[in-house]
Amino acid sequence: MSERDLIARIRELFPRTGDDAAVIGRQVITNDVLVENVDFTRVIPLRLIARKSLTINLSDIAAMGGRPRYAIVAIGSPAEDDAAAIIEELAIAAKENDVEIIGGDLSRSERLFISVALIGEASQPILRSGARRGDRVYLSRPIGGAAAGLSLLQRGTEGADYAEREFIESAKRRQLEPEAEVALGIKLPGVATSCIDLSDGFSTDLHHLCDASNVGALIDGDRIPPFPDLPRFGPRLGINVRDAVLHGGEEYALLFTSPLRESELSERVGRPVYAVGRITEERGVRINGEPLEARGFDHFA
């Protein structure tokens with residue numbers, strides 16, 4: 001059973017699930033967990049792991065058009081010093097994002113894990129199920145950098161020249177220090193018909209959105225904005241640019257739909273956003289006329 005199959009079964013058993021966060025009144029509630037040797041390795045500084053554990057939840061709240069408010073944190077660690085370091089960094093990150101940590105749990109475990117539950121407020125939550133035929137498909141920012149950064153972290157980058165090193169460092173930062181689109185998410189209610197954050201990859205998350213809305217999508221691959229300098233340096237560094245852009249996970253950009261034109265929507269939200277395709281009544285996702293398979297990250301693949 002794939003992760004997608006498992007999620008489908010969860011929706012059958014628990015009908016209120018299926019979005020980036022659960023909606024209860026005006027509250028939007030989400031939870032994510034980072035597990036050692038699955039989501040990170042110990043070569044990554046604890047400071048970055050702690051911050052990322054909050055960021056991925058902030059991104060879920062942003063995808064619902066919400067404002068993050070409160071967090072509950074559970075940490076399992078082989079060593080109390082590691083848990084203490086994570087708590088200190090979470091306190092800093094929470095303050096920077098106007099989030100109050102209100103409780104949690106601590107446990108000893110063989111591997112380090114961090115679980116964060118985040119509660120936000122949204123007067124008009126944006127669901128994945130609201131896309132309609134004719135809506136434009138939007139990306140909030142260029143993508144592919146996180147996948148490139150992960151590849152570069154795994155393989156090493158000896159022999160890179162100065163320009164390549166600049167790209168390498170920016171790609172690594174996108175992987176290790178992602179930014180949630182909270183400010184944009186707050187502006188999307190009323191202009192976006194559906195939304196999801198890019199955690200598993202453009203191809204997979206677009207399928208998730210289309211499945212929830214019972215629609216399809218036609219994507220213009222030439223309009224998808226790649227991470228800066230990825231097309232230039234990616235091939236020289238052994239990175240498959242197309243795979244990084246279409247299937248790379250952990251971007252935490254927003255993928256959303258709206259009937260508004262790109263120029264009008266960009267003006268409404270006060271920043272550039274990128275129209276990359278259209279929603280269709282016919283099911284299935286196609287790019288440049290060809291089927292686009294969901295080949296992003298799958299925990300159980």
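The largest nonpolar core has 37 residues, and Phe167, Phe202, Leu206, Ile219, Ile224 and Leu230 touch the most other members. A nonpolar core here is a set of buried Ala, Val, Leu, Ile, Met, Phe, Trp, Tyr and Cys residues joined through side-chain atoms within 4.5 Å; buried means under 20% relative accessible area, with exposed over 50% and partly exposed in between (1.4 Å probe, protein chains only). There's also a second, separate core of 32 residues, including Val28, Leu34, Ile114 and Leu176.

Keep in mind that this is a predicted model: local features need pLDDT of at least 70, side-chain atom pairs count only at pLDDT 80 or more, and totals for chains, interfaces and linings use all residues. Residues are numbered from 1 along each chain as its sequence is written, and side-chain values use heavy atoms, leaving out hydrogens and water.

## The five-stranded sheet

Next up is an open sheet of five strands, ordered β1-β2-β5-β3-β4 with mixed pairing. (Helices, H or I of at least four residues, and strands, E of at least two, are DSSP runs numbered from the N terminus; two strands pair if DSSP finds at least two bridges between them.) β1 (22-24) and β4 (100-108) sit at the edges with a single partner strand each, so one side of each has no neighbour in the sheet. From one strand to the next, the twist averages 20°.

β3 (residues 67-77) pairs with β4 in the parallel sense over eight bridges, and Val73 has Gly104 in β4 as its bridge partner. Helix α3 (residues 80-96) packs on the sheet, touching β3, β4 and β5, and its direction makes about 175° with that of β3. Angles run from 0 to 180 degrees between N-to-C directions, using axes fitted to C-alpha atoms, for helices over the stretch in contact.

## Strand β10 and its partners

What about β10 (residues 274-280)? Five of its seven residues are buried, so the strand is largely enclosed by the rest of the structure. β6 (residues 136-139) pairs with β10 in the antiparallel sense over four bridges, with Arg278 in β10 as the bridge partner of Arg136. β8 (residues 216-219) and β10 also pair in the antiparallel sense, over four bridges, and here Ala217 stands opposite Ile279.

## A buried glutamate

Glu250 is in the loop between α9 (241-247) and β9 (254-258), and it's buried, with a relative accessible area of 17%. Its side chain makes a polar contact with the side chain of Lys52 (3.0 Å). That term covers a pair of N or O atoms within 3.5 Å; within protein, one must be able to donate a hydrogen and the other to accept it, and residues adjacent in sequence count only if both atoms are side-chain atoms.

Methods:
Contact means heavy atoms within 4.5 Å.
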